[in-house]
Each structure stands twice: as structure tokens, then as C-alpha cells.
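Please look over the chain below with its helices in mind.

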Amino acid sequence: MSSNVGLSTPRGSGTSGYVQRNLSNLRPRETFAPYPTSELKHRQRQPNAEILEHDRLRQIEVQVFELRDQLEDDGIDEEEIEAQTEALRRKLDAEGGKDEGRGKGLKVHQVHELAKAKIEE
């Protein structure tokens with residue numbers, strides 16, 4: 001036993017005599033804020049251009065694949081399918097990022113698109 005804590009002897013107490021600290025004891029908080037309140041203002045993060053470009057190209061490839069799947073189901077020969085999908089790919093790539101009002105249908109996980117739409121507002 002040390003520094004007057006615990007039992008003088010564990011004999012007859014039904015315990016081992018081991019003393020634990022009370023972790024549920026709450027200490028009084030300091031009166032001042034632990035962080036400056038002026039730095040809590042939200043800063044708009046810049047969207048990552050590489051991720052935006054990747055998502056744009058992915059959407060193009062999704063549309064091209066849907067066209068390819070539809071043409072294959074219709075029984076069109078492979079050369080004609082390649083020609084039509086390349087034409088669609090070039091057309092969509094030429095349109096680029098001309099999607100106006102894109103911020104309306106965005107999901108929560110599309111963080112970079114949301115940031116871009118917020119900056120463009």
C-alpha cells in the first residue's frame with residue numbers, strides 16, 4: 001500500500017487489494033475555449049481537377065458501353081458497332097464539361113463535383 005490509498009491490508013476483504021483509478025470522474029472544464037473561434041469558419045476546398053476529369057471520362061465510357069450493349073443486342077456487326085461507339089465517344093468528348101446546372105443532381109459522395117458547383121455559384 002502506498003500514499004494512503006486503498007485498504008491497509010487486503011486480508012479478509014474478499015479483494016486483491018489492487019486500486020484502480022476512477023475513469024468516470026469528470027474534472028471541471030477550463031473557463032476559456034481550448035481553440036480559437038475565429039478559425040472555425042468554413043473554408044471552401046478546391047475540387048481536384050484530376051478526379052473531375054476522371055469522372056467525366058467515366059460517364060462518357062458508361063454511355064458508350066450502353067450504346068455498345070444495345071447495338072450488340074440488335075445484332076449489328078462489330079465494325080459498325082466500333083464506328084458508332086467511336087462517333088459517340090468523340091461527340092461526348094467534344095462537348096466536354098458543358099453541363100450547365102450540374103449541381104442539382106449530385107450525390108453526397110460526389111464531393112469534388114459539389115465543390116466545383118459551389119464555386120461556380
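The points below are grouped by topic, after a short note on the model.

This is a predicted model, in which local features need pLDDT of at least 70 and side-chain atom pairs count only at pLDDT 80 or more, while totals for chains, interfaces and linings use all residues. Residues are numbered from 1 along each chain as its sequence is written, and side-chain values use heavy atoms, with hydrogens and water left out.

**Nonpolar core**
- Seven residues make up the largest nonpolar core, namely Ile-60, Val-64, Leu-67, Leu-71, Ile-81, Leu-88 and Leu-92 (a set of buried Ala, Val, Leu, Ile, Met, Phe, Trp, Tyr and Cys residues joined through side-chain atoms within 4.5 Å; buried means under 20% relative accessible area with a 1.4 Å probe, protein chains only).
- Two or more residues of this core are given by each of H1 and helix H2 (78–95) (helices are DSSP runs of H or I, at least four residues, numbered from the N terminus), and H1 supplies the largest share, four residues.
- Beyond its neighbours within four places in sequence, Leu-67 is in contact with Gln-84, Thr-85 and Leu-88 (contact means heavy atoms within 4.5 Å).

**Helix H3 and its packing against H1**
- In helix H3 (residues 111–120) the buried residues are Glu-113, Ala-115 and Ala-117, and their cover includes helix H1 (49–74).
- H1 and H3 pack at an angle of about 110°, their axes lying 9 Å apart (axes are lines fitted to C-alpha atoms over the stretch in contact, and angles run from 0 to 180 degrees between N-to-C directions).
- The angle therefore makes H1 roughly perpendicular to H3 (65 to 115 degrees).
- Ile-51, Leu-52 and Asp-55 in H1 meet His-112, Glu-113 and Lys-116 in H3.

Methods: Buried < 20%, exposed > 50% of the residue type's maximum accessible area, 1.4 Å probe, protein only. Parallel < 35°, antiparallel > 145°, perpendicular 65-115°, else oblique.
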